[in-house]
Structures are given as structure tokens and as C-alpha cells.
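Hi,

Here is the model I promised to pass on.

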Amino acid sequence: MAAIRHILCLNSGSSSIKFAVFALGPAGEEKLAEGAAERIGQSIGRLWLQRGQDPITDRQLVLSHHQNALEAVFAALTEARYATPDGVGHRIVSGGPRHQAHCLVDTQVLGDLRASLRFAPLHLPAEIAAIEAVQAVWPGIPQVACFDTAFHQSIPEVAARLPLPRNLWHEGRAMSTLGIS
């Protein structure tokens, strides 16, 4: 009998963290729970967690920064007795010019993300904080970066180029032609 693996998916935005827990096994995947830490950085935030339509946790609390919001998420999952994840997937807005495909997070990828902050200054700091928080709580668990930029690789150039300032577009293209992608 194959083991069931538990995967935590994190989507760390500029003012919220959305998350879900999945069980993967021989019968396929099942979403066990989902939730969010909302209004990070405001005077009062909200943390909720539910299984299907059934609320498990829904409370207001101060979420002054992403680190304590992530701690609250991890604590809520522990209180609800969810298994320690076997892996964590992160939605990451931009892999910068070096990452156009989903990948395991290692020291190099984390460094590349830090060097690419200008490509997504509102989102990458929160996404990096989530990776580091997982490393601190569960240091041996593999983490995967799932880049929006990977998803958008097949769109026409005009659609990819339109939202970017010209200097960022040219910088990314130059790095790609030098084999630094």
C-alpha cells in the first residue's frame, strides 16, 4: 500500500497568505483544508481555516507582518491536527530572468529570487519570507517554487511585454541570450 503524502500549498501575497492542504495517495488527490491569513500589516487581521464548508478556525488577530502571519497559519494547522507536510509548494509571481520553469527551492534559487526583487517588488518579499519560514519550522521538507512566469511562457510577446517597463524587459531578454536563464 502506497503512503499518503501531505502537501501544503502557500500563496503569499502582499497583504494576505492563502493556503491549502492536500493529501496525495493511490486514489488521487484530496483537498483536506484551505484558509487564509488576511489584512497583514493592518490594525486587525483575520485567520480562517476550513474543511470543505465546515469552519475549523475563524478569528481576528494582529498580523503585523508576514512572519507572524505564517506562524499563525502553522499554529492553526497544528491545532487542527494536520500532519506535518511532506512537501510545500509556493506560488511565486516571478522567477526573474533566471527561472522560467517550476523547480525545487535550494540556496541558489532563493538567492536568485532575492536578486530579482525588482521584477515583483510587492510580491517577492512575502514569497521569500514564506520559503524562509518553512525552512525554519520544517528544515528538511522539500519546497517547490511554482512560477507564474512559467505558466505564461506560451503567451504572445506583446502580452508578456506590455505590463513590464522597457528596461526590465530588455534586462530579462539579455540575460536569457547569455544563457543565464
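Let's start with the charged pairs: searching the whole structure turns up 7 salt bridges, a salt bridge being a side-chain nitrogen of Lys or Arg within 4 Å of a carboxyl oxygen of Asp or Glu. Before the details, a word on the ground rules. This is a predicted model, so local features need pLDDT of at least 70 and side-chain atom pairs count only at pLDDT 80 or more, while totals for chains, interfaces and linings use all residues. Residues are numbered from 1 along each chain as its sequence is written, and side-chain values use heavy atoms, with hydrogens and water left out.

**Salt bridges**

One of the bridges joins Asp58 and Arg46, with 2.9 Å between the closest N and O atoms. Asp58 belongs to strand β5 (residues 54-61) and Arg46 to strand β4 (residues 45-51), so this pair ties together parts 12 residues apart in sequence. (Helices, H or I with at least four residues, and strands, E with at least two, are DSSP runs numbered from the N terminus.) Asp58 has a relative accessible area of 49% and is therefore partly exposed; Arg46, at 25%, also counts as partly exposed. For the cut-offs, buried means under 20% relative accessible area, exposed over 50%, and partly exposed in between, with a 1.4 Å probe and protein chains only. The pair also belongs to a network of salt bridges that links Glu38, Arg46 and Asp58.

Another one is between Arg98 and Asp112, whose side chains meet at 3.8 Å, N to O. It links distant parts of the chain, 14 residues apart: Arg98 sits in the loop between β6 (87-92) and β7 (103-104), and Asp112 in helix α2 (residues 107-115). Here Arg98 is partly exposed at 34%, whereas Asp112 is buried at 9% relative accessibility.

Then there is Glu34 with Lys31, a salt bridge of 3.5 Å, N to O. Glu34 is partly exposed at 26% relative accessibility, and Lys31 is partly exposed too, with a relative accessible area of 44%.

**The aromatic pair**

The rule here is that rings of Phe, Tyr and Trp (its six-membered ring) pair if their centres lie within 6.5 Å; planes under 30 degrees apart count as stacked, over 60 as edge-to-face and the rest as tilted. By that rule the count is 1 aromatic pair. It is made by Phe74 and Trp138, and it is tilted, at 4.8 Å centre to centre with 55° between the planes. Phe74 comes from helix α1 (residues 66-79) and Trp138 from the loop between α3 (124-137) and β8 (143-147), so the pair ties together parts 64 residues apart in sequence. Both Phe74 and Trp138 are buried.

**Strands around β6**

How many of the residues of β6 are buried? The strand is mostly covered, with 5 of its 6 residues buried. β6 pairs with strand β1 (residues 5-12) in the parallel sense over 4 bridges, where pairing requires at least two DSSP bridges between the strands. Leu8 has Val88 of β6 as its bridge partner. β6 also runs parallel to β8, joined by 5 bridges, and there Gly89 is partnered by Val144 in β8.

**Helix α3**

At 1.5 Å a residue, the 14 residues of α3 should span 20 Å, and the end C-alpha atoms are 20 Å apart, which agrees. (The expected span is 1.5 Å times one less than the number of residues.) Its buried residues include Leu124, Ile128, Ile131 and Val134, and Glu127 is among them as well. What covers those buried residues includes β1, α1, β6, α2 and β8, going by contacts, meaning heavy atoms within 4.5 Å. Gln135 is also in α3, but this residue is partly exposed, with a relative accessible area of 33%. Leaving aside residues up to four places away in sequence, Gln135 touches Leu110 and Gln143.

**Ser16**

Last stop: Ser16, in strand β2 (residues 16-25). Ser16 counts as buried, at 14% relative accessibility. Not counting residues up to four places away in sequence, Ser16 touches Asn11, Ala37, Glu38, Ile40 and His66. The side chains of Ser16 and Lys18 are joined by a polar contact of 3.4 Å; that term covers a pair of N or O atoms within 3.5 Å where, within protein, one must be able to donate a hydrogen and the other to accept it, and residues adjacent in sequence count only if both atoms are side-chain atoms.

Cheers
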